[in-house]
Amino acid sequence: LGSSQNAVLSQIWVAMCYYLLLRYIKYQTRFAHSLTVLHTMISEVLMARVNLLDILQLKETTIHKARAPDRKIKLF
């Protein structure tokens, strides 16, 4: 994060791209909830290896189960 003109413009472009990607996902999957809910669901499972379509079918109350770590350690 920066305050120079180039940094601010880059941050605006990234935010616009993220917004457009969220809108596209919402449109293609016919997601019934708001973009805020979609953003929350995606940010909750961002670092987990899960299918996006599986996440979109979850309810808000069960989203934390998708983030639950596996008990087995996987090396590969």
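Modeller: Buried means under 20% relative accessible area, exposed means over 50%, and partly exposed lies in between, with a 1.4 Å probe and protein chains only. H39 is partly exposed, because its relative accessible area is 35%. This is a predicted model, in which local features need pLDDT of at least 70 and side-chain atom pairs count only at pLDDT 80 or more, while totals for chains, interfaces and linings use all residues. Residues are numbered from 1 along each chain as its sequence is written, and side-chain values use heavy atoms, with hydrogens and water left out.

Biologist: How many helices and strands does the protein chain have?

Modeller: Helices (H or I, at least four residues) and strands (E, at least two) are DSSP runs, numbered from the N terminus. The protein chain has four helices and zero strands, and its elements run α-α-α-α from the N terminus on.

Biologist: Where does H39 lie, and with which residues is H39 in contact, leaving aside its neighbours within four places in sequence?

Modeller: Contact means heavy atoms within 4.5 Å. H39 belongs to helix α2; once neighbours within four places in sequence are left aside, it is in contact with Y18 and L22. The C-alpha atoms of H39 and Y19 are 9.3 Å apart, although 20 residues separate the two in sequence.

Biologist: Which residues form a nonpolar patch on the surface?

Modeller: Patches are made of residues with over 30% relative accessible area and no salt bridge, like charges being joined within 9 Å and nonpolar side chains (Val, Leu, Ile, Met, Phe, Trp, Tyr) within 5 Å. A salt bridge is a side-chain nitrogen of Lys or Arg within 4 Å of a carboxyl oxygen of Asp or Glu. Accessible areas come from the Shrake-Rupley method with a 1.4 Å probe; for residues, only the protein chains shown count as cover. Here V8, L9, I12, W13 and M16 form the patch, with about 480 Å² of accessible area together. W13 lies in helix α1, residues 5-29, and counts as exposed because its relative accessibility is 55%.

Biologist: What is found in the loop between α1 and α2?

Modeller: R30 is found in that loop, and its phi is near 55°, a positive value in a residue other than glycine. R30 is exposed, since its relative accessible area is 67%. S34 also lies in the loop between α1 and α2, but is partly exposed at 36%.

Biologist: What share of the protein chain do buried residues make up?

Modeller: Buried residues make up 17% of the 76 residues.
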